[in-house]
Every structure is written in C-alpha cells, then in structure tokens.
Amino acid sequence: MALEVRSLTKEYIRGRVAFQAVNNVSFVVQPGDFVNIIGRSGSGKSTLVNMIACLLTPTKGSIEIDGLNIVSLKDKEASAYRNSKIGYISQGQSTLASLNVLDNVRVPFHLSKREGTSKEAAFSLLEQTGISHLAAAFPKHLSGGELKRVAIARALINHPDYVIADEPTSDLDVQTTAEIMELLKNIAETGTAVMMITHDMEALGYGSRTFVMDAGILTECAGNRVYISHKRG
Amino acid sequence: MKNKFIFGFLSIAIGLLIALGPLTIFPVCGVHEHSEEVMKCFWTARAELGVGFSISILGLLSIISGNPKFRLGLAVAILLNGILAFLFPAVLIGVCGSARMNCRALTLPALSILSSLIVIASIIQAAYLRYTNKEGTEEHGKQTAND
Amino acid sequence: MESKPLTTRRLSVYNLRSNPFRTASLVFVVLLLAFATFGGSLLSQSLKNGLGSLKERLGADLAVVPLDHEADYEGIILSGQPEKFYFDQSIEQQIEQVEGVSKVSSQFFISTLAAACCSVPVQVIGFDPDTDFVIQPWIAKVYHEEIGDGQIIAGSDIVLNDTGTLKFFDDTYKVAAQLERTSTGMDYSVYANMNTIKMLVAGAREAGMNLSVDVYGTDVDRSVSTVLVKIEKGYDADTVTTNIRRQISGISIVKSQNVFASTANNMDVLLAFINTITLVLWLLAILVLAVMFSAMTNGRKKELALLRSVGAARGKICGIVLTESLLISILGGTLGTVAASLIIFPFSTYTREKLGLPYLLPNVAVTLRLLGMSLLLSFASGPFAATYSAVKGSKAEAYISIREGE
C-alpha cells in the first residue's frame, strides 16, 4: 500500500507570472509512516497534500497508490477515492455546525454507498478519542481540542490508508497538543500512514520522517538536523 | 418550549380577531338601514365577542402555565371554543340572507377561516402535548429537540 | 436508537433547521412569490371569465328604456342594482315595426324592499315567456319545464329559505330552479312570468307596501320597463338605433356592444395592473432568493470545502444546496398558495363587490391547472435561484488551496 509521488509539479499564475507552488517533488510513503512536512507559509505544503487528497490537479507528475495513478481520476472517482482512502483533518475548526458530534463523525461514511450503519463505529471512535460523552453535543459547545478530536474521529471512520493532517495543533495549548499528537501516533502505529503539516516544534518529535518544503522543493532530512535546518532557513 | 409561545400568542391573536373583527375589520351589518330592525349578524357578533375573548384568555393562560397537562386541557378548551366560533355564524345564529351583504360576503368567511385555523392549531398543540408527555425525557443523540 | 443514514436530504434538513430565522425568511419570500402567482393568475382568470360570461348573457343587441334610464339599466345588467322605470306597453309594438328589428321582448322590473329580515332589495324581472329570447336560454340550462304562475327562478346569489322558497311581502313563492353563477346582475335577480309579477304587485298592495314595491300608480297590465331588441341580420346596431329614435320619442337606447366594450376597457386597465404587480413581485422574489442563497453559500464555504475534503463529489455538494432550496420552495410555495386560496375563494363575493366588474371564479379544472402551474413555478423558484450558488459552492475546495497563498 505504498504511496508514490513522482515529479509532482503544480504551477500557478500569479500576477501574469508563472510560479511553481510545488516543484518536481518525488517521494514514497509506506504504511505506518508518520511523516512531518514543515516549511514556511506559502512554501507549497498544503498544495502538495491537497494534490495527494485529489482536491487539486497537478500540472505535471503522478501520484500512484498501488499502481493506480490518481491524478487522472474524474471528480466522482476522485471523491470516492478521497472518501475511502484518505482521512483528511483540515486546519482550524472543521465541523458542520448543524450536526451533533456523532453525526459529524458519521458524515464521511454516508458520502459513498456503504453497507451497514455508522453509529456504532462512530461511537467507538469517539471513545477512542476520548469524547464519547459529547456524542449528542453540538460543535458550538466544544473546545478547540475537543473539536480536533472530532475531526480525527471523522478522519478514521472509513478506515483510510492515509491520514492527512493540516496543522492539527496550530490553535491548541501544549497539554492538548501532546494528547492530539499521541492520538495521531497511535493511528500510525496501526499501519495507517499519517502525513502532517505542522509549524509546531513540539509536534515534530512524534513523526518518524520529516520533510522540509522550501519554495516548492521538498527535501527529506533525518532526525534532528531537520529541526535545526528548518530553524535556520 | 418555543411552541408554547407560538400557540399561546396565536390563540390570543386569533381570539382577539374573532372577538373584535366582526365589529371593526370585517364588520357585520348590524341594524338594518331601512327598517331599523336588529339583524341576525348583530347577535352573531355579540356571541363571537364572548367566545373570542375566551379563546384569548385561554391562550394567555397557556403561555403562563408551566404544567403540560394543564396546557393540554387548555388546548382542548380552545378547540371547543374554536368550534363554537365557527358554528355561531354558520349554523347556531347565522348571518343575513343576502349574498352581497357584508356579513355574508366578508364576516362569515373571515370568521370561518379564523376559527378553522385555531381549531387546527389546537388539535396540533393537543396532539403534540400528548405525544411529548408520553415520551418522557429523551436520551442522548436526539437531533430534533426543540429546533 | 436507530441509526439513520445521513442522506443529502437529511443533511439539508439539519442545516435548514440549524438556522430557523434564515430558513423562515427564505420560506417567506417563496410564500410571497407563490401567493402573487396563484392569487394574481386566479384574479385575472376570474375577470376574464366574468367578461366572457357577460358577453354571453347580454343576449339582446339593444335595450330600449325610458328616457335617461340607460345607466340604471346597465346597473341591473352589471351588478343587479335594483331599479324600476316604466313606459307604455304600446312601445313594444311600435319598435317591432321598425326596419331592421328581428325580435322584441319586453321585461318588467320591480324591486322588493327588505321583505324578510336581513335581506337587501332584490330585483325582480318579469318576462314574457312567449317572446323572450334572452333569459329562457339560461333557464333551460337548469330547468326544462315551462315556468308556471307563482313560480320563480332565482339567480345564483339569492339566498333561499330552507324550504327552497322565497317570501315576498306576505306570500311565499316556490323557487323552481336556481341559475348558474354568471357574475352579472343576473346572479342577484329573480325571474318570473308576468302573471307572477301581477300576483307579487297585488300582494304588496294588499300588505300595504305599495310604496315599497314602488310601482306607484303604474298599471302593471299596460306598462313595461324595457323592450329588448334583436337586430335582423344585415343591419348594424347604429342604423337600427337611428331608425328606432326616428320613430319613437321619449326613450333611451342601450347598446349591448357598448356595455361590453366599456366593461372590457375598465378590465384591461385592472388586468394590466395585476399582471404587472405579479411580474414585478416574481422578479423581485427571484432576485432576493438568488442574493440570499448566494450569501448563504458564501457563509458556508468552509463547511462545503470540508465536505469536499472528506469525500463529497461536486454533484453531492450541488445536491445539498439545491435540496435545501427545493425544500424551502416546497414549504413556501405550499403555504403561499394556501394563503392565496384562503383569501381568493372565501372572499370572492366581497372581491366582486369591491371591483364592480364581472368576476367569475374559474371552474375546478382551470383552478387546478392554475394551482399546478403556480406550485410548479414556486417549487422551481428556489432551485432556479440557487443554481449559481450551488455550482459556486461545489467548487469550494478552491477555498482550501487559496489559503496556501494567504
């Protein structure tokens, strides 16, 4: 279940000048990997993961999952792929205000045709993320950390192969950050690959691999050197 | 809880319209121009004055009261009053004998519509109160609660 | 608790429910639209019907009445306003001799004052069954026998006693049949043959109500109120009018054509007004809806982007936005047509009195057609106004990518 990204490029036209948000990026992610992606704002991190999530179409290059190039998928297939293979935890507070916590978690289950019901699975995910007591509550009554747990539970409802987390700890305190990162680490340990964009130095330690994105170019670094080089750069 | 206010204010408003409408907005003919005879519709207006105010007061009580069982009783009382409000101009007392006179062309349909509305509203209210009383308190996960 | 799947419809319902004020406002706009569409179309259809009915029932080409009573006669025809005026019976024979006249028949008008409690004056029209060519064709639609002495035919808006009779002065008259609604003065009039009229007048005099009947000293046997004229083929109304005027003095002549034309003119103004108002309201409602849906979708960009990110296809997003607009339209459209029905149907008599024009509600089939059209239009209004927003909303993932450049 490897994810292979080859020569991925996304070109934008900004003020009549073309620039590469993502420039000729290649890497492979294996099951169970916990990948950190760091880099300055505007360096192309979100563009990269959004292409992997089939939310953006690359200008060049390929993304292959088990030999299937997802770049060429049509919207409907792409959405189905995203729905079943990817668990997406977006930045900031990302819940549907009109649904209670349990239904928020159930939403992805019902976006594709599936057998069975989602209630038990959703409830057990809420237990896993430690907020089962909030199942009937509405998002407006939840704290930032609790909302993030809802997003994590929701990302897992369809047993994805890849979890993409876009700055999952950006608006959380130190204690909550640690708890959320534990959760993500546990997910990776079950064999689901986790790709996390972060600016949070506290969060970096949980990952197994670290990539640095700079002006659209991705480099993999080992261990602490990443941290240091990132700080310099 | 919202529906308590909706039904209460609806009852008060419709009750006042039933009571005062026949004297103001959609007036009855009252006393005959030529013969100075007091016509049927005059008495209908009097009867509606009573039954309309009664509906308003019951509606007010329904807002004040916190007890669902008492409010169920009030809904039934409003229902019966509504039926009376319908029957006074239609059957029990009646209105004048000519199709083009105000009380038949204007007052009768207005009163019929208003009293039908309050009858329908009180049936819904009574059914709702009975249903929620039976159900008791709802467990977690109920989406529909008071939205 | 059972677990209900979160279908497009359910997601839409939850979203609508989460903001009751916004939903109610949208429903209200569609309600207005449906009200205007159904109410406006019913109103204009009723006026057109009324005009058609008037044209059919005018019957005679000319009506000869005593001098300066044209307006009174038109009042009887158009609104059944009780009037009485008389001239000598011999005029009928004189008119019959005039060149271009094909048929003549006289009528005798009396008005009853409130005989029983709670009634208004009723126009009683006496006709001659042997020569009549105006009323009997309509009576034949509901009553196939000859109208006997003491029997009367009532217009559709005459309210009968429970026993199917009418009481004039102290005598009770059997109502043989009641005419169909015509939206003309016929609806408020009562018809009888001349013998019955004589009985009526005698009854009134006996009851000491001579003044009420207001026949004054008129000799019922030798007076008529109007002579109706049918023109021979090949002659036009103006020529025959001139011919009659040349031979008989002290009369006025009402041309049916003119009665019809002036009513039609008045109606055209009203119809244009109704149609304009309906159209303006309709356009306004669509505009307001489009703006509101657009604002609503803009406010939800983040939610829609979120749905995209967890695997909702573009079609699904469109579906959710359109379903919401459809639900709003269905609710608003139904409420609006119900509200229009509650005003148009029960108050039709009142409307007609206030308009002072022929006003005849369409039959069930036409009404249902108008209802269907109005419901369809109002149900379509929401999705129509929301299409742009839905398509825009379905591209909400752009929101995510835009952030990269922020």
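## Where chains C and A meet

In this predicted model, 29 residues of chain C are in contact with 37 residues of chain A. An interface is often sized by the accessible area lost when the parts come together. Here chain C and chain A bury about 2,700 Å² between them, with 56% of that area on carbon and sulfur atoms.

Side chains of opposite charge can pair when their charged atoms come close. Between chain C and chain A the count is 1 salt bridge: C:Arg308 pairs with A:Asp75, and the closest N and O atoms are 3.0 Å apart. Across this interface there are also 7 residue pairs in polar contact, with both residues at pLDDT 80 or more.

## What chain C brings to the contact

Which helices of chain C each supply at least two residues of the side that touches chain A? They are helix H1 (8-18), helix H10 (301-309), helix H11 (314-344) and helix H14 (397-404). Helix H10 of chain C gives the largest share, 6 residues. By residue class, the side of chain C that touches chain A divides into 11 nonpolar, 8 polar and 10 charged residues.

## Salt bridges within chain A

Over all chains, the structure holds 13 salt bridges. One of them joins A:Arg209 and A:Asp33, with 2.7 Å from N to O. A:Arg209 lies in strand S9 (residues 209-214) of chain A, while A:Asp33 sits in the loop between strand S2 (17-29) and strand S3 (34-39), so the pair ties together parts that are 176 residues apart in sequence. Are these two residues buried or exposed? Both A:Arg209 and A:Asp33 are buried.

A:Asp103 and A:Arg106 form a salt bridge with the closest N and O atoms 2.6 Å apart. These two residues both lie in helix H3 (residues 101-106) of chain A, 3 residues apart, or about one turn of the helix. A:Asp103 and A:Arg106 are both buried.

A:Glu220 is partly exposed, at a relative accessible area of 41%, whereas A:Arg209 counts as buried at 17% relative accessibility.

Over in chain C, salt bridges that share partners join C:Asp157, C:Arg181, C:Asp187 and C:Arg352 into one network.

Technical notes. Residues numbered from 1 in each chain as written. Chains lettered and ligands numbered in written order. Predicted model: local features only at pLDDT ≥ 70, side-chain atom pairs only at ≥ 80, totals over all residues. Heavy atoms only, no water. Contact = heavy atoms within 4.5 Å. Buried area = accessible area lost by both parts, 1.4 Å probe. Salt bridge = Lys/Arg side-chain N within 4 Å of Asp/Glu carboxyl O. Polar contact = N/O pair within 3.5 Å; in protein donor to acceptor, adjacent residues only side chain to side chain. Helix = DSSP H or I, 4+ residues; strand = E, 2+ residues; numbered from the N terminus. Nonpolar A, V, L, I, M, F, W, Y, C, P; charged D, E, K, R; others polar. Buried < 20%, exposed > 50% of the residue type's maximum accessible area, 1.4 Å probe, protein only.
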